[in-house]
Amino acid sequence: MEEQNSIISPDTRRSERVPPGQHLTEKWPVLHYGSASKIDTSLWKLKLFGLVRAEKTISFSDFTALPQVKVFSDIHCVTTWSKLDNLWEGVSSATIKTLVEIKPEAKFVIIHAEGEFTTNLTLEDFFEPDVLLCLKHNGENLSSEHGGPVRLIVPRLYFWKSAKWVTGLEFSDKDQPGFWESNGYHNHGDPWTEERYG
Ligand SMILES: Nc1nc2c(c(=O)[nH]1)N[C@H]1C(S)=C(S)[C@@H](COP(=O)(O)O)O[C@H]1N2
Ligand SMILES: [Mo]
């Protein structure tokens with residue numbers, strides 16, 4: 001599964017790959033608040049807004065024409081399951097930086113998803129080289145229950161930061177705790193130090 005031209009998420013190289021309090025699963029559970037969104041790719045758009053020089057909206061066909069990367073990473077869900085050896089494919093957060101000019105006051109990105117769901121990241125966490133807006137998992141298009149057509153993948157943090165059905169990225173000078181962060185989860189979510197609950 002691990003391929004030569006992939007970005008290898010550094011946590012997959014740890015001698016103990018499973019963070020404290022986690023256990024392994026082979027299956028890929030489906031978890032989200034509310035019902036899964038079915039999104040027609042002809043209607044899907046990604047809005048880049050907030051503290052940027054000029055806001056931009058990208059269609060699905062323009063999005064899929066952007067350079068693609070592969071990222072090899074593990075999943076760690078705060079509900080204690082971990083799933084190793086995932087190969088993701090999509091658009092790196094680094095590519096987003098080439099599409100809009102982010103103002104220097106911006107320190108955070110608020111990820112917006114279908115159904116008013118949001119989650120928050122520092123720009124530092126968002127621009128780690130293994131973060132991507134993902135289209136495929138292990139060679140197959142993401143199913144709608146797993147967040148297709150486009151979800152975020154943030155390999156170094158608990159999986160609730162990996163928003164499904166992403167529709168927008170808002171650059172901000174203020175941190176804005178999102179859905180799970182406002183409902184008891186930690187604001188950051190490092191699995192290695194068990195930043196589980198706020
Ligand atoms: N839009 C949206 N994305 C979301 C969530 C959600 O409720 N809504 N839940 C998060 C949580 S808590 C987890 S564990 C993962 C689960 O992703 P999966 O169903 O693909 O395993 O999605 C994350 N992304
Ligand atoms: Mo979760």
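This is a predicted model: local features need pLDDT of at least 70, side-chain atom pairs count only at pLDDT 80 or more; totals for chains, interfaces and linings use all residues.
A residue counts as buried when its relative accessible area is under 20%.

**Placement of ligand 1**

- The shell around ligand 1 comprises 14 nonpolar, 3 polar and 2 charged residues.
- Of the 19 residues around the ligand, those that come nearest are Pro29, Tyr33, His146, Arg151 and Lys164.

- The side chain of histidine 146 places an N or O atom 2.7 Å from an oxygen atom of ligand 1.
- In the side chain of tryptophan 28, an N or O atom is 3.0 Å from an oxygen atom of ligand 1.
- A nitrogen atom of ligand 1 lies 3.2 Å from a polar side-chain atom of tryptophan 180.
- Ligand 1 taken alone exposes 530 Å², of which the protein buries 98%.

**Cysteines and disulfides**

- A disulfide requires a pair of cysteine sulfur atoms within 2.5 Å, and the count by this rule is 0 disulfides.
- For cysteine 77, the closest cysteine sulfur belongs to cysteine 134 and is 17 Å away, so the separation is too far for a bond.
- Viewed from cysteine 134, the closest cysteine sulfur is that of cysteine 77, and the distance of 17 Å is again too far for a bond.
- Cysteine 77 is buried, because its relative accessible area is 7%.

Conventions. Residues are numbered from 1 along each chain as its sequence is written. Chains are lettered from A and ligands numbered from 1 in the order in which they are written. Side-chain values use heavy atoms; hydrogens and water are left out. A residue is near a molecule or strand if one of its heavy atoms lies within 4 Å of it. A polar contact is a pair of N or O atoms within 3.5 Å; within protein, one must be able to donate a hydrogen and the other to accept it, and residues adjacent in sequence count only if both atoms are side-chain atoms. Accessible areas come from the Shrake-Rupley method with a 1.4 Å probe; for residues, only the protein chains shown count as cover. Ala, Val, Leu, Ile, Met, Phe, Trp, Tyr, Cys and Pro count as nonpolar, Asp, Glu, Lys and Arg as charged, and the others, Gly among them, as polar. Buried means under 20% relative accessible area, exposed over 50%, partly exposed in between (1.4 Å probe, protein chains only).
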